[in-house]
Amino acid sequence: MNIKVNATRMEMMRLRRRLAIAVRGHKLLKDKLEGLTQQFLVIVKEYRQARDEMRRELPGVMQLFVLARLTSSASAIDQALAQVKTTGGLAVGRRKIMGVSVPTFEWTAAMGAASYSLLDTPAELDHAIAALDELFKKIIRLAELEQTVRVLSVEIERTRRRTNALEYTLIPQIRSTIRTIKGKLEEIERGNITRLMKVKEMIAGK
């Protein structure tokens with residue numbers, strides 16, 4: 001399907017400039033798509049490893065809390081947990097991957113254990129709280145990786161659609177239109193030459 005334009009040399013020059021821009025843009029998008037895909041695969045691998053690690057460690061942390069409840073009264077454990085204080089928090093930032101902005105999460109908090117009585121609670125509770133603090137950092141990292149995977153997958157799909165639109169639609173349309181205009185201009189030129197020759201013959205006959 002051709003682009004609807006007038007069959008003039010000016011339009012053909014304009015289309016050739018547009019074609020050159022489209023070809024350069026297509027190359028840049030293909031390079032970006034390739035780079036994004038490579039980064040995406042690396043981050044997906046890291047995400048799967050972090051997810052598997054968290055799944056392995058979570059039951060162990062929960063087991064520590066269960067042991068703490070078994071070696072002490074449930075009310076003492078609940079009261080101690082209610083007194084645990086957390087300092088710091090979650091720092092949210094941004095970083096660029098191939099020009100795409102993705103989030104960064106950093107857990108800067110620490111769960112304190114000195115706010116409850118160490119004499120009334122078992123040692124398993126201290127271990128459980130410390131392990132939960134470390135696991136929570138990994139959960140935050142996992143959330144960062146998961147969101148990065150989502151953002152990159154959306155950008156990869158958007159870039160792929162734009163690349164395909166240039167490669168399979170716009171660039172072929174421009175080239176086809178240029179060929180059509182070139183053919184019409186050549187036809188007009190042949191017609192002009194034929195008329196000039198006829199005029200020349202008429203003049204020569206007189």
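## Aromatic pairing

Two rings of Phe, Tyr or Trp, with the six-membered ring used for Trp, are a pair if their centres lie within 6.5 Å; planes over 60 degrees apart make the pair edge-to-face. In this predicted model, that rule gives a count of one aromatic pair. The partners are Trp 107 and Phe 136, with 4.6 Å from centre to centre and 65° between the planes, which makes the arrangement edge-to-face.

Trp 107 belongs to strand E3 (residues 100-107) and Phe 136 to helix H3 (residues 123-205), so the pair ties together parts that are 29 residues apart in sequence. Phe 136 counts as partly exposed because its relative accessibility is 28%.

## Fold and dimensions

The chain contains three helices and four strands. In sequence order the elements read α-α-β-β-β-β-α. Among the helices, H1 covers residues 9-70 and H3 covers residues 123-205.

The radius of gyration of the chain is 35 Å, whereas a compact globule of 206 residues would have a value near 17 Å. The C-alpha trace spans about 130 × 25 × 20 Å along its principal axes.

## Contacts and surface

Of the contacts in the chain with a separation of 6 or more, 77% are between residues 24 or more positions apart. Buried residues account for 29% of the 206 residues.

The accessible surface amounts to about 13,800 Å², and carbon and sulfur atoms contribute 58% of that area. On the charge side, the chain carries 37 positive and 23 negative side chains. The centres of these two sets are 17 Å apart.

Arg 14 is located in helix H1. Its relative accessibility is 34%, so Arg 14 is classed as partly exposed. Arg 14 and Ile 178 are 164 residues apart along the chain, and their C-alpha atoms are separated by 9.8 Å.

Arg 141 is located in helix H3, the helix that also holds Phe 136. With a relative accessibility of 30%, Arg 141 is likewise partly exposed. Between Arg 141 and Leu 64 there are 77 residues of sequence separation, and the C-alpha to C-alpha distance is 22 Å.

## Backbone at Met 98

Most residues other than glycine have a negative phi. Met 98 is not a glycine, yet its phi is positive, at about 55°.

Terms used:
Residues are numbered from 1 along each chain as its sequence is written. This is a predicted model: local features need pLDDT of at least 70, side-chain atom pairs count only at pLDDT 80 or more; totals for chains, interfaces and linings use all residues. Side-chain values use heavy atoms; hydrogens and water are left out. Helices (H or I, at least four residues) and strands (E, at least two) are DSSP runs, numbered from the N terminus. The radius of gyration is taken over C-alpha atoms; the globule rule is 2.2 Å times the number of residues to the power 0.38. Buried means under 20% relative accessible area, exposed over 50%, partly exposed in between (1.4 Å probe, protein chains only). Contact means heavy atoms within 4.5 Å. Accessible areas come from the Shrake-Rupley method with a 1.4 Å probe; for residues, only the protein chains shown count as cover. Lys and Arg count as positive and Asp and Glu as negative; His and the chain ends are not counted. The place of a charge is taken as NZ of Lys, CZ of Arg, CG of Asp or CD of Glu. Rings of Phe, Tyr and Trp (its six-membered ring) pair if their centres lie within 6.5 Å; planes under 30 degrees apart count as stacked, over 60 as edge-to-face and the rest as tilted.
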